[in-house]
Amino acid sequence: MKLEEIYKLRRDFSIIGITGRTGSGCTKVANILSKDYSELNNGLRQNLVTSDKIFNKKYNICKDYLSYGNNWKQYDIIKYKNVLFFYLIGSYDLDSKEFKKLLLSYYNETKKDDNKNIVDLVIKEFHSLNIYSDIIEKIKSIPKPYKKVKDDESLILLDNLFFGEEFNAFSKSFFNILENNGYYSRTRFLHFVSCNIRSSGDPLSEDSSEISHIYTLANLINRIIKARKYSKKSVHIVIDSLRNSLEIMFFKERYSSFYMIATKNEKDDEKQRLFNRLKDVKTLKNNNLKIEEIAQKLMNLDATEYDSSDYQKGTFSSPDVSNCIQKSDIHILNDNLPSKDYNLNDFHSCEEQLMKFISLIQQPGIVTPSRSERCMQIAYNAKLNSGCISRQVGAVVTDENYSLNSIGWNDVPSGQTPCNLRSVNDLFEKDKNSNHYSEFERGENIDTVDTEFKYKKKSPFTFPNAVQKYFHNTDTTSKNDNLNGKNCSFCFKTIHNFYEGEKNQVHTRSLHAEENAMLQISKKGGNGLFQGNLFTTASPCELCSKKASQLGIKKVYYIDPYPGISKQQILSNHQTLKLIQFKGVIGKSYSKLYDPFMSYKDELTIMLENRPQKPTSSKLTEVKDDTLRTRLSEFYKGDVLDEEKLLKALK
């Protein structure tokens, strides 16, 4: 019996989102997914034999599965820049004053006069796109807002347009014109257009006092997916690429079949990869100085999108790639097969990693997790225990064989109240704050504080007044309708530094996750950490890095870098401690991909229709009934049944 119907939902529909820093390989992964299996096979090791026999089996099981029949699925690509272009065409004519103003505002960073000249040249070149006038009219005919596109006719039109060859040729020509008149300016233009649309719904305007437009582009992508699903029985989509974490949340909330991939470079060579890519740009060939300049500008823009603090200020329209990576379920390192050493005991190249993940999407539980995935998943779950209101981090310490020794998360020391459970209002109610706030926080015994302490230079000197100043009006803050009944927690470190005018990390109430995990071992006189491994959802800070090094930890696995210089200052070129970027599955997808639909033994039994039969004896001595034994004796020679004689008698 075939069980295809049970797996139909998985095998007929899946969506993969991709995120990552500039040059990390988002487009490379999308292109691999869009090709047929032969393209994937080019990046796989053939006849794999390594020292790890278990890995060999996992590798070959995935490879055999995807190479069979139509188990490998080709993904349709939704390019984010094409979504932006589609929205632009639906909003403005290319020769309109508004569009010219849009280009003038964001397209070029040069002097104003040069800016006008370049924009005029771009507009003039756009005249060559008049051959796509029919496409433009069809795009404009689709109802807006796009989230209301639900009727059959509009869905079919949207699918035919967006995935059609003519629209993609139109989009390519449009971006070629922008690129030929400034490669960096084109990227900057797209950056601001996307921010404006998420902010106001208008590509030209960033002004908005609300966040009602934050899902505008996500809704358009959602309609494109719905249109594709309406037109095809089997739909597999890859979105290249998402750089806003709320858009990722949008798709996670809507689709159980949505998987988020973060691409990273193990060698941190994004700039070199970008430099190599720019060498193929027609207008930049043989001009290394220009390429170097553009590459640096693109890396600066990437740093802005990665480390953006707009999110913390309530500006949700900006890219926040760091948050996107933290919210990803699957982490891929952008690597090729090594030129010499093919005996690596791991899924190494992009193709090999994708082979594993697509196998798990199509056939959950086809292989078991790697030891690094197993340990990182525990650290990932541990971070949810954290009472920190800034960033939750989890950590796990193992021995050299990856057996678990301890778990930790960033939180206050034992006996203190976590920050997320404390309220601003409680600080001012004496009957509530005695057990949850320190003497310093309550403003008591202030005479014992060092006379040079910065608080004493300001009046009045109490922490409660610092809190009141920080929140402007404490009494009304907790009653504000914007809180919608939520607890008004606060961060001691932030307010203390705000009042002092400092950025001192020492004032945090919490232990770091790595620190906590390492202390748990020594707390009860447990095993040593020498040659062990540290798993942490964020790379360790300088203090935790030094502690890990001193304790003899051999490897540190991390998901996303923690702000600071610990990597460059302490961990880089370390003689004994190795820093490793995590690759694999974590979070909700860990269960979705590794939890099989049924026990594999039962599945095999059903598919092979293999029903064990109760064995029957042919020995006369084992026949219990005396009368039957006497009647059967004429068909036996000794204790051996004469089957031929028995068959003749039966006839």
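Leaving aside neighbours within four places in sequence, Ile580 is in contact with Lys555, Val556, Tyr557 and Tyr558, where contact means heavy atoms within 4.5 Å. Ile580 itself sits in strand E10 (residues 578–581). Helices (H or I, at least four residues) and strands (E, at least two) are DSSP runs, numbered from the N terminus. With a relative accessible area of 14%, Ile580 is buried. Buried means under 20% relative accessible area, exposed means over 50%, and partly exposed lies in between (1.4 Å probe, protein chains only). Ser539 is 41 residues from Ile580 in sequence, and their C-alpha atoms are 9.4 Å apart in space.

A word on the model: it is predicted, so local features need pLDDT of at least 70 and side-chain atom pairs count only at pLDDT 80 or more, while totals for chains, interfaces and linings use all residues. Residues are numbered from 1 along each chain as its sequence is written, and side-chain values use heavy atoms, with hydrogens and water left out.

**The whole chain**

Stepping back, the protein chain has 31 helices and 13 strands. It has 651 residues, and 48% of them count as buried. Among contacts between residues at least 6 apart in sequence, 70% join residues at least 24 apart. The chain exposes about 34,500 Å², with carbon and sulfur atoms supplying 48% of that area; accessible areas come from the Shrake-Rupley method with a 1.4 Å probe, and for residues only the protein chains shown count as cover.

**Charged pairs**

Side chains of opposite charge can pair when their charged atoms come close. A search of the whole structure finds 20 salt bridges, each being a side-chain nitrogen of Lys or Arg within 4 Å of a carboxyl oxygen of Asp or Glu. Here are three of these pairs.

| Pair | Closest N to O distance |
|---|---|
| Arg228 and Asp76 | 3.0 Å |
| Asp76 and Lys232 | 3.4 Å |

Let us begin with the pair in helix H1 (residues 8–12): Asp12 and Lys8 are 4 residues apart there, about one turn of the helix. Lys8 is partly exposed, with a relative accessible area of 41%.

Asp76 has a salt bridge with Arg228. This pair links distant parts of the chain, 152 residues apart, with Arg228 in helix H12 (residues 216–231) and Asp76 in strand E2 (residues 76–79). Both Arg228 and Asp76 are buried.

Asp76 also forms a salt bridge with Lys232. Lys232 lies in the loop between H12 and strand E3 (235–240) and Asp76 in strand E2, so the pair ties together parts that are 156 residues apart in sequence. Asp76 counts as buried at 16% relative accessibility, whereas Lys232 is partly exposed at 33%. Elsewhere, salt bridges that share partners join Arg21, Arg243, Asp302 and Glu305 into one network.

Now look at helix H6 (residues 97–106), whose buried residues are Phe99, Leu102, Leu103 and Tyr106. They cover an arc of only 95 degrees around the axis, which puts them on the same side of H6; the arc is that of the directions from the helix axis to the C-beta atoms. On the other side of H6, Lys97 and Lys101 are exposed.

**Cysteines**

Finally, the structure holds 0 disulfides, a disulfide being a pair of cysteine sulfur atoms within 2.5 Å. Cys350 is buried, with a relative accessible area of 0%, and Cys375 counts as buried at 3%.
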